[in-house]
Amino acid sequence: MRPVPAVFLDRDGVINIDSDAYVKSWDEFTFRPDALDALRRLHEADIEVYIITNQAGIGRGLFTEPELCDILMRLRLEVRRAGGLIHGIEYCPHAPDAGCRCRKPGIGNLLKAATKYGLQLQRSVFVGDSCGDINAAHAAGCTSIFLTTRSEVPPGASPQPLDAVDQAADVLDPAQRDLIHARQKLAEALRSRQP
């Protein structure tokens, strides 16, 4: 395994503004105001960034896999133009009732990324804005950072995420509103996981 810290990011609600109607095309994609600056700063700090995202709109027939790949390619290009770098992306195309292992809170895509890129999950940090993200992080052994970018009940409140009860105090910090506000906690988490 490489001794490189890895940061896993959810996409919708963390990098871009989420939509109940799904982000189905590049025309519907809007970066969160903090995202490009945060991704640039992560790259400048030599931190590898990977996106782990559920895209149930494919399984529900709302958009196709090629349409998603177009969005992800353009996302990577815009991040690169802004001085950041997305090292890899893994997505789950299945509907929530498909029973797959790759849909968060399942850890299939985290395991896939770890194998493909030689990452140590126990030294990595997962940044997300849903209980599914935080549960996936804990199940994979990652440190988790919860961003309060949506109205979902955060970890530590009722209902609590599975397997996160004893870590809830470390997960939720009301100041972690976005990637820029999470920077300090992210840096501390990566330092504390150095070998």
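Start with I86: which residues does I86 touch, not counting residues up to four places away in sequence? Select L39, V49, I51, L75, R76 and V79, and you have its contacts. Keep in mind that this is a predicted model.

Next, bring up the largest nonpolar core, which has 33 residues. I86 is among those that touch the most other members, along with L9, I15, L75, V127 and L186. To see where the core comes from, color β1 (6-9), α1, β2, α3, β3, β4 (125-128) and α7 (183-192): these are the elements that give two or more residues to it. The biggest giver is α3, with five residues.

Now go back to α3 and select residues 65-81. This helix has 17 residues and runs 24 Å from its first C-alpha to its last, close to the 24 Å expected at 1.5 Å a residue. Show the side chains of L68, I71, L72, L75 and V79, which are buried in α3. They sit on the same side of the helix because they cover an arc of only 95 degrees around the axis.

On the face turned away from the buried side of α3 you'll find the exposed residues P66 and R81.

Last stop: G83, which follows α3 and has a positive phi, near 100 degrees.

Key: Residues numbered from 1 in each chain as written. Predicted model: local features only at pLDDT ≥ 70, side-chain atom pairs only at ≥ 80, totals over all residues. Heavy atoms only, no water. Helix = DSSP H or I, 4+ residues; strand = E, 2+ residues; numbered from the N terminus. Expected span 1.5 Å × (residues − 1). Buried < 20%, exposed > 50% of the residue type's maximum accessible area, 1.4 Å probe, protein only. Arc of directions from axis to C-beta. Core = buried A, V, L, I, M, F, W, Y, C linked by side-chain atoms within 4.5 Å. Contact = heavy atoms within 4.5 Å.
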